[in-house]
Amino acid sequence: MSHHPTRERGKLKVFLSYAAGAGKTYQMLEEAQNLKKRNVDVVIGYFEPHGRKDTIAKTEGLEIVRRKTMEYRGSKFEEMDVDAILRRSPAVCIVDEFAHTNVPGSERTKRWEDVMTLLDAGIDVQTTMNLQHIESLNDQIRQITGVQVRETVPDWVIKQADEVVMVDVTPEALINRLKRGVVYESAKAAQALENFFREQSLVALRELTLRQAAHEVEVRHEIPRTNDRLLIHITDEPRTAMLIRRGRRVADYLGAECFAVYVSDTGDVASLPDSERESVERHLNFARNLRIETLILHGQNAAATLVDFARRERITQIFLLRPEKKRLGVSRSGVITSQILRLAPDMQVTIVADRTAKP
Amino acid sequence: MDKDPKRDPERLLQQIQREEARQKRGRLKVFLGYASGVGKSAKMLDEGRRRRQRGEDVVVGAIQPKSTPEIDRLLATHEIIPTLKTAGRDVIDIKRILQRHPKVVLIDGLAYDNPPGSHHAHRWQEIEELLKANISVVTSINLQYIGEMQDEVAAITGKRPAETVPLAFLKRANDIEIVDAPAAEEQSSRLREMALLVAAEVVESELRDYLTAHHIEENWGIQERILVGITPRSDARPILESGKRNADRFHCDLLVAYVKQKELSPVDDAALHRNLEIAREFGATTHVLEGTDPVRVLIDFARKQNITQIFIGHSHRHGWWHRLRGNPVDRLIELANGIDVRVFPQRLMT
C-alpha cells in the first residue's frame with residue numbers, strides 16, 4: 001500500500017504522562033513545529049483539541065489529514081483516516097491518544113494497531129498516552145483511583161517504541177489547570193476532581209509514571225540477562241487476569257521468559273461447561289495478547305501436572321493465586337496452591353497478592 | 001483493613017511544623033534534568049511567562065551563559081535583575097532582589113558556588129534566604145550536581161563537579177518537575193534513568209507526607225519493597241541473593257528480618273549471624289524482631305514497612321505443633337493479604 005515499499009519501519013515515540021492536561025499533546029505539537037522548521041515532512045494524523053486554546057494554537061501551520069467519518073448506530077464518529085495518511089505518506093505523523101478504541105466497524109479495533117500500520121509503511125509516529133493505559137498496571141490503577149480503565153495498551157506495544165519521553169507536571173499545577181477550566185469544561189472537571197484527580201491519586205500516579213519512564217529508559221540501554229522462566233497458572237477464576245498482569249510485569253522487570261498454562265483433565269478446553277470454558281479461553285487469550293506463551297496440558301491432577309511441567313521446562317518461578325476463603329472451605333485454585341507448595345519444595349513459588357481488593 | 005496505625009506522631013508534628021513554616025515562606029520549585037540542553041531553562045522561563053500572564057509579579061534573577069534563540073525570545077518578555085560578576089563568578093544580586101521583592105524569582109542554575117569570603121558559600125543558601133523572605137523561587141538543576149549522586153554519576157561520566165547541592169534541599173522543595181528528553185548515548189541514558197528515579201524518590205516522600213497528614217492508610221505498592229524473612233536454620237544465601245537481584249531490578253529497598261527465638265544453640269546463633277552479615281553485604285537493612293508468634297510479627301512488620309514482596313523459605317516442618325497451629329508458610333500466605341509471598345526451596349538442614 002505504501003508508496004515506499006523499501007522504506008525502513010518507522011520510528012515510534014511516545015509522550016507519556018499520568019493524567020489529561022499534563023501537556024503531552026502540547027509538547028508533541030511543539031516538537032512537530034520544530035520538525036517543520038527543519039523542513040521535515042510532518043502531518044497531523046489525529047489531534048484531539050478538547051477545546052484547549054494553547055494546544056490548538058500549536059497546530060497552526062501544520063498540515064492536518066482529514067479524519068474519516070464513520071456511522072455507528074445512527075451516530076457519526078470521526079476516526080483517523082489511515083488510508084489517507086498512507087497515500088499522503090509523510091515522514092512523520094502526529095497521532096494523539098494512542099490508547100483510543102476505534103468505533104465498531106473500523107478496519108482495526110485499536111488506534112495503536114492503526115499506528116503499527118503507519119510504522120510498517122515506514123512512517124515515523126509520535127503519539128501520546130497516560131500511564132493508566134498500560135495493561136499490566138490496570139489493577140494497581142484501580143486500587144489508586146477506584147477507576148477500572150477499559151482502554152489499555154499491551155506492554156509489548158510500548159516496548160516497541162523507540163523512545164518513551166515523560167511529560168511531567170506537578171499535581172498541584174494540574175489541579176489548578178482543571179479548576180481554571182483549561183482541561184475540561186466545568187461539570188466534567190468537578191467530577192474529575194473527585195476521582196482521578198484527587199491529590200493523593202495524582203501524586204501516586206506521578207511516582208508510578210516516573211518509575212515506569214525510568215524502566216523504559218533502562219530496558220532500552222541495557223537488556224537484563226537472566227535465566228528466569230516464569231509460569232503462570234491459568235484457571236477460570238476471575239482473579240486470573242490480575243495474576244497474568246502481575247506475572248507479566250515481574251517478568252519484564254526481571255527480563256524473564258513467561259509462560260501461562262491451563263491444565264485440563266480431558267486435555268481439551270472445548271469439553272468444559274460453557275461459562276468455565278469462556279473464562280479459561282478469555283484468560284488464555286488475554287495472556288497471548290500480552291505476548292505470553294500459552295499451553296494447555298492434559299492431566300487429572302492439576303498441581304502434579306503443573307509441577308512436572310515446571311521441572312521439565314526448567315521453570316524458575318511458579319505464579320499462583322492466593323487461596324481464597326469461601327464459605328465452604330477454600331476455592332479450587334486455593335487447594336491447588338497448597339498442593340503445589342507440598343509437591344514442589346524444590347521450586348520457587350510466588351503467591352500473588354490480590355491487587356484488586358483493599359487489604 | 002490494616003489496624004496498625006501508620007501515623008507516627010513525631011512525623012506528623014514535623015509535617016505540621018513544616019506546613020506552618022511554609023505559609024510564611026516562598027515556594028520552591030525545581031526543574032530537574034539529566035544534562036544541559038534538555039530544555040530546563042526554556043521550561044522555566046515559559047512557566048515564568050505563564051505566571052505573569054496570570055498576574056504574578058515575576059523577575060529573572062539568574063540566567064545561564066549559554067543561550068538559544070528560543071531562550072532569548074522568552075527572556076525578552078521578562079524583567080531581569082542581572083547577576084554580579086564577583087571574582088570571576090556569577091553571583092545573584094540578592095540585595096536588589098530583596099529590595100525589589102517580587103512574588104516569584106526565576107534562578108536558572110541552582111548549583112553555583114559563590115567566591116570565597118561571600119556571606120553564603122553556595123547559591124542554594126541564598127535561595128533559602130529568598131524563600132524565608134517570602135519570595136517564591138523557580139530554579140533548575142542537573143542531576144550531576146546533586147551531592148548524594150556524585151559517586152554514581154562519577155562512575156558513569158568519570159567526572160565529579162566541584163559544585164553540588166544536597167539532595168535534602170531538593171526534597172524540601174514544594175515542587176520538583178523532571179524535564180525529560182531522549183538520550184542519544186548509553187552514558188546519557190543512564191543519567192536519564194537516574195534523574196527519573198531521583199524525581200520518583202522525591203515524589204515518594206511527598207506521597208508519604210500527604211498520606212500521613214491526611215490520615216490515609218493505604219499501601220498502593222507504587223515503590224516495590226522486598227522483605228526477606230530468615231531463621232537460624234534457613235538456607236538463607238540463595239534467598240538473599242535473589243532478594244538482592246530483584247531489589248536491583250526493581251530499584252528498591254531490601255529488608256531482612258529475623259524474629260528472635262529463645263535459646264539458640266551456639267551453632268544456630270553463628271549461622272544466624274552469618275546470614276545477617278551476608279544481608280548487610282548485599283546492602284540490606286537488617287531487623288531483629290521480637291514476639292511470641294513469629295508469623296504475625298513478620299507480617300505486622302511488613303505492613304508497617306509498606307512491603308510489597310515477602311521472600312521466605314519453604315517449611316519442612318510438619319510435626320504435631322504445626323498441625324495444631326498450621327504450617328507457618330501457609331499461615332504467612334493467609335495473613336499476607338495485599339503482599340506477594342515468594343517461597344524458596346530449602347535444603348534440609350537438620
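Two strands count as paired if DSSP finds at least two bridges between them, and the elements themselves are DSSP runs numbered from the N terminus: helices are H or I with at least four residues, strands E with at least two. This is a predicted model, where local features need pLDDT of at least 70, side-chain atom pairs count only at pLDDT 80 or more, and totals for chains, interfaces and linings use all residues. Residues are numbered from 1 along each chain as its sequence is written, chains are lettered from A and ligands numbered from 1 in the order in which they are written, and side-chain values use heavy atoms, leaving out hydrogens and water.

Begin in chain A, where strand 4 (residues 68-72) and strand 5 (residues 75-79) run antiparallel, joined by five bridges. A:T69 faces A:E78 of strand 5 of chain A. The two strands of chain A form a hairpin with two residues between them, and A:R73 in the turn has a positive phi of about 45°.

Now for the helices. Two packed helices are described by the angle between their axes and the distance between the axes. In chain B, helix 6 (residues 150-157) packs against helix 8 (residues 186-213) at about 165°, with the axes 9 Å apart; axes are lines fitted to C-alpha atoms, for helices over the stretch in contact, and angles run from 0 to 180 degrees between N-to-C directions. B:E152, B:V153, B:I156 and B:T157 of helix 6 of chain B make the contact (heavy atoms within 4.5 Å) with B:Q187, B:R190, B:L191 and B:M194 of helix 8 of chain B.

Between the chains, helix 10 (residues 240-254) of chain A and helix 9 (residues 236-250) of chain B have axes that come within 9 Å and cross at roughly 95°, so these two helices are roughly perpendicular. Here A:V250, A:Y253 and A:L254 of helix 10 of chain A meet B:N246, B:R249 and B:F250 of helix 9 of chain B.

Definitions and conventions:
Parallel < 35°, antiparallel > 145°, perpendicular 65-115°, else oblique.
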